[in-house]
Structures are given as C-alpha cells and as structure tokens.
Amino acid sequence: MCVTPKAWLTLCLCMLVYSSAVADPLGHMMPLGSHQPKEGDVESRDDMPSPSEFYHNYVLASKPVIFRGAAKSSKGFNLWTDAYLRKKYGHEIVRVDYGKKENRARSADDMPLEEFLDIYNSSERYLVDTLPERMWEEFSLPECLLCGGFSHALQDSVLWFSSGGTKSHLHNDKVENINCLFSGEKVWFFVDQIHSQDINMDHKEGDYCSANVDKVDMYQYPFLQHIPWWQAHMRAGDCMYVPYG
C-alpha cells in the first residue's frame with residue numbers, strides 16, 4: 001500500500017485595517033501649554049534697573065521681567081511665619097476661597113486670619129484678599145518702583161496664601177502688576193498681547209476664559225490650539241513685573 005503524506009497548508013492572512021478616525025488636536029484634554037512647546041522663558045535678571053530703565057525697557061515695551069531676589073528686601077519675607085502672623089495679625093478679617101483652583105462662581109468667606117492658619121494646611125481653602133493695612137509696613141515694592149511716581153498709581157496690594165497647588169483661569173489683567181513670591185514656587189503661562197487677542201475670553205465680566213487649565217478641551221476651545229506661549233518660573237524671593245493685558 002502506498003501512503004501519501006497529508007500536507008498541511010498554513011495560511012497567514014494579513015489584513016490592512018483602514019480607519020477613518022482623525023487624531024485629536026495636540027494638547028486635547030491635557031494641561032494648558034501641552035499643545036506646543038513654549039516659545040521661551042520670560043527674561044530674568046539678578047540686578048535692579050533704574051526707574052527710567054524699567055519704564056522704557058519693560059513698561060513701554062509691555063515686556064514681563066523677573067527680578068531675582070527682589071522680594072527679600074521686604075521685612076515680611078523673613079518675618080511672616082505662621083506663628084508670627086497668628087500672634088501679630090491673627091484677628092485681621094480676611095476673605096478665603098473654597099478651592100485652590102479658581103472658581104469665580106462661588107463667593108469667599110470672611111474669617112479671622114488665625115482661623116485660616118488653623119485649617120489651610122489640611123484643606124483646599126485659599127486666602128485671596130487685599131493685604132490688611134496693618135501689614136503694609138512689612139511689605140515694600142522693588143526699588144525701581146520707589147521713585148518716578150510709580151507708587152502713586154498703586155491701586156491695591158493683594159495677599160495670596162495657601163499650602164500650594166493653586167491654579168487660576170486663563171485671564172487678561174487690565175492693570176500693571178508686580179507679583180512677589182515669599183514662599184514656594186510659581187509657574188506662569190504667558191501669552192503676548194498680540195496673540196491674546198485671539199483668545200475668546202468667554203467671561204467678559206472678568207476677562208477670563210473658562211477652559212479647564214488641567215484638561216483643555218481643544219474642540220470646545222479651538223483658538224487655543226495654536227497660541228504661542230512663554231513660561232516664567234518664580235522662586236521664593238523673586239518679584240515679577242506683569243504688563244497690562
């Protein structure tokens with residue numbers, strides 16, 4: 001008997017699958033700034049310009065700048081520990097927000113500073129209020145603002161105080177700002193005035209955009225897909241000039 005071996009044929013089927021799905025825009029549902037690399041870093045300098053240089057090189061030019069270590073000239077930089085604030089200013093009434101992530105739809109509470117000091121390290125409470133007048137003597141502006149009339153135009157001095165991790169809306173400031181950091185670190189997302197006009201501030205009453213800065217919906221806010229941006233990184237002791245707009 002002649003036996004013919006059974007032959008087995010193995011077939012590999014390769015299938016090409018074509019999908020009509022389109023990739024999400026860069027940065028979709030990611031933190032603000034993930035859509036493209038930063039253009040660069042805001043200028044920082046270790047020296048203090050004269051009032052004239054500050055005005056011509058930064059104010060007129062609408063150019064932000066970090067003055068490294070400038071906040072250390074304020075008495076409060078070394079004095080304002082929790083224990084010191086509790087003892088000297090504990091009875092001052094301050095406005096305290098409910099969350100570290102800005103929510104302008106919910107009003108803040110009034111409470112004594114000493115009560116805030118009891119809870120802020122173990123909660124989301126965030127003090128944002130005008131600096132109590134009694135504390136002004138322990139805060140000073142950078143030297144380049146102390147003459148030339150800059151201080152006469154001062155509208156307000158605001159105290160921001162939390163245990164860290166705070167975030168604000170993407171917004172447009174209608175005043176010139178000097179931001180001084182006494183503790184921790186602060187990272188900024190900056191858009192030049194030229195490009196900020198392309199951002200839809202959908203809350204006109206507060207000049208801010210309601211996009212979630214932790215998870216930007218690029219379909220809901222498509223104008224953010226191509227916005228060039230700059231970064232500023234402040235450390236404790238730094239002051240930064242933030243231009244109008």
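Me: Start with Ile66. Buried or exposed?
Reply: Buried. Ile66 has a relative accessible area of 1%. Bear in mind that this is a predicted model.

Me: Which strand is Ile66 in?
Reply: Ile66 sits in strand β3, residues 65–67.

Me: How far apart are Ile66 and Cys239, in sequence and in space?
Reply: They are 173 residues apart in sequence. C-alpha to C-alpha, the distance is 5.8 Å.

Me: Cys239, then. What does Cys239 form, and with which partner?
Reply: A disulfide with Cys180. The two sulfur atoms are 2.1 Å apart. A search of the whole structure finds 1 disulfide.

Me: What's the angle about the S-S bond, and which hand?
Reply: The angle is 110°, and the link of Cys180 and Cys239 is right-handed.

Me: Where do the two ends lie?
Reply: Cys180 is in strand β9, residues 177–180, and Cys239 is in strand β13, residues 239–242. The pair therefore ties together parts that are 59 residues apart in sequence.

Me: Are those two cysteines buried or exposed?
Reply: Cys180 is buried, and Cys239 is too.

Me: What about Cys147? Which cysteine sulfur is nearest?
Reply: That of Cys144, 8.8 Å away. Cys147 is in no disulfide. Cys147 counts as partly exposed because its relative accessibility is 42%, between the 20% and 50% cut-offs.

Me: And Cys209, buried or exposed?
Reply: Buried. Its relative accessible area is 0%.

Me: New topic: Arg125. Where is Arg125 found?
Reply: In the loop between α4 (113–119) and β6 (126–130).

Me: It's an arginine in a loop. Why does Arg125 count as buried?
Reply: Its relative accessibility is 13%. Buried means under 20%, so Arg125 qualifies.

Me: Which backbone oxygens does the Arg125 side chain reach?
Reply: The side chain of Arg125 comes to 3.3 Å from the backbone oxygen of Val96. A polar atom of that side chain is also 2.9 Å from the backbone oxygen of Asp97.

Me: How many bridges between β6 and β7?
Reply: There are 4 bridges, and the two strands pair in the antiparallel sense.

Me: Which residue in β7 stands opposite Asp129?
Reply: Leu159.

Me: Last one. What's the mean pLDDT of the chain?
Reply: The mean is 90, and 91% of the residues reach 70 or more. Over residues 1–19, though, the pLDDT is below 50. Beyond near neighbours in sequence, that stretch has 0 contacts in the model.

Me: How should I treat coordinates where pLDDT is low?
Reply: Where pLDDT is low, predicted coordinates should not be read in detail.

Notes: Residues are numbered from 1 along each chain as its sequence is written. This is a predicted model: local features need pLDDT of at least 70, side-chain atom pairs count only at pLDDT 80 or more; totals for chains, interfaces and linings use all residues. Side-chain values use heavy atoms; hydrogens and water are left out. Buried means under 20% relative accessible area, exposed over 50%, partly exposed in between (1.4 Å probe, protein chains only). A polar contact is a pair of N or O atoms within 3.5 Å; within protein, one must be able to donate a hydrogen and the other to accept it, and residues adjacent in sequence count only if both atoms are side-chain atoms. pLDDT is the predictor's confidence in each residue, from 0 to 100. Contact means heavy atoms within 4.5 Å. A disulfide is a pair of cysteine sulfur atoms within 2.5 Å. Two strands pair if DSSP finds at least two bridges between them.
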